[in-house]
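Please consult the sequence and the structure shown below.

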Amino acid sequence: MRPILMKGHERPLTFLKYNREGDLLFSCAKDHNPTVWFADNGERLGTFRGHNGAVWSCDVSRDSLQLITGSADQTAKLWNVKSGNQLYTFNFDSPARSVDFSVGDKLALITTDPFMELSSAIHVKRIARDPADQSGKSVLVLKGPQGRINRAVWGPLNKTIISAGEDAVVRIWDTETGTLLKESDREIGHKRPITSLTKSTDGSHFITGSVDKSAKLWDTRSLTLIKTYVTERPVNAVAMSPLLDHVVLGGGQDASAVTTTDHRAGKFEAKFYDKILQEEIGGVKGHFGPINALAFNPDGKSFSSGGEDGYVRLHHFDPDYFNIKI
C-alpha cells in the first residue's frame, strides 16, 4: 500500500475532511490556508486564502458547494468551494475551533475557545441559501464546560449537539432549549482531555480520542460506553471505517516531548483496531511526527492522515485489507 504524499502545507496539519462523494479532501493546518485536493490521486486543487491564524477545523456542505472553517484568528468563514471566494465571515471575541454543518446544511455550529474572561461556547448560526442574506446572529449559544471544547458535532436529526474537550467529559445538549441532557460518567469516561470526536456514517454511535491513551466508542442517544481501545500513546485523532468494523487511532507524544533521535520511539503510526473485539489488527507508519488528523473516504476504500510534519498521506487500501481475518 504505497501512500501518496501530499505536501501543500508549511505547518502541522490540524484537520481532514472528505466531501460526501469522497472525490475531494479538505485539509486544515496551522499555516492559515485550508487546501482542497483530489482524493484519488492527491492532486492539489486550490487553497482558500483569507485567514490570519491557524485553521483548526472545517466542514463541507452535502452538495460540496460551501466550506466552513474555524480559525485562531477569532473568525469562522464560509467559502465557495468552486471559486475559493469568501462568502461570509463570522466574527468572535475568541478563537473559533470546531465547525460542523447540520444535516440539511441550514445551520452550522461553531465552538469558541475560552479567552481572557470568556468561557468556551458553542454558537449555532443559520446558514442562508443566498450568501447576500447571511447574518452573523446566533440562533443559540451554549456555555458550561470548563476549558476548551475541542470538538462539537450535530446529533441525529439536528436535535442534539455532542461536545467534548479539555475537561474530559462528553456532553449532549438539546438544540431546541439549549439545556444539557447528558454527561459522560467520569468513572468510565476519559481521564484526560478529549482531543477528537468522530461520528459513524449513520450517526448511531461516535468515537472519542483522548490524551489518556485511549479511544472510546459511545452510543449517540443514550451516551452509553460501548467499547474502549487502549494504546500506548496519546490519541490525537480517530476515524471509523464506513465499510468494515475498523477503527483507526492516530497520535504520538506531543511534538515538544519528542527528542530528535526519538522518531522511531515516537510511534507515529495510524493504528487499526477491530471495532467489536477491541484488538489491534495493524498499523500504517510514515509520519515524522504525531498524527493530528485522520479521515476515511466515504467509500471506505482509502483513508488519509495529517501529521505534525506538515504532510498529508493518502492511502488506498490493497485488496488484502478487505480480507483481514481475526
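Gln 74 lies in the loop that joins β7 (66-71) to β8 (75-80); strands are DSSP runs of E with at least two residues, and helices are runs of H or I with at least four, numbered from the N terminus. The model is predicted: local features need pLDDT of at least 70, side-chain atom pairs count only at pLDDT 80 or more, and totals for chains, interfaces and linings use all residues. Residues are numbered from 1 along each chain as its sequence is written, and side-chain values use heavy atoms, with hydrogens and water left out.

**Gln 74**
- Gln 74 is partly exposed, with a relative accessible area of 25% (buried means under 20%, exposed over 50%, partly exposed in between, with a 1.4 Å probe and protein chains only).
- Gln 74 and Asn 91 are separated by 17 residues in sequence, and their C-alpha atoms are 6.2 Å apart in space.

**Sheet β18-β19-β20-β21**
- These 4 strands form an open sheet in the order β18-β19-β20-β21 with antiparallel pairing, where two strands pair if DSSP finds at least two bridges between them.
- β18 (194-199) and β21 (225-230) are the edge strands, each with a single partner, so one side of each has no neighbour in the sheet.
- From one strand to the next, the twist averages 20 degrees (axes are lines fitted to C-alpha atoms, and angles run from 0 to 180 degrees between N-to-C directions).
- β19 (residues 205-210) and β20 (residues 214-219) are joined in the antiparallel sense over 6 bridges, and Ile 207 stands opposite Leu 217 in β20.

- β24 and β25 pair in the antiparallel sense over 4 bridges, and Tyr 273 has Glu 280 in β25 as its bridge partner.

**Loop residue Leu 277**
- Leu 277 is located in the loop between β24 (270-274) and β25 (280-284).
- The relative accessible area of Leu 277 is 45%, which makes this residue partly exposed.

**Annotated spans**
- Residues 187-228 are 0% helix and 52% strand, with end C-alpha atoms 13 Å apart.
- Residues 284-314 are 0% helix and 55% strand, with end C-alpha atoms 11 Å apart.
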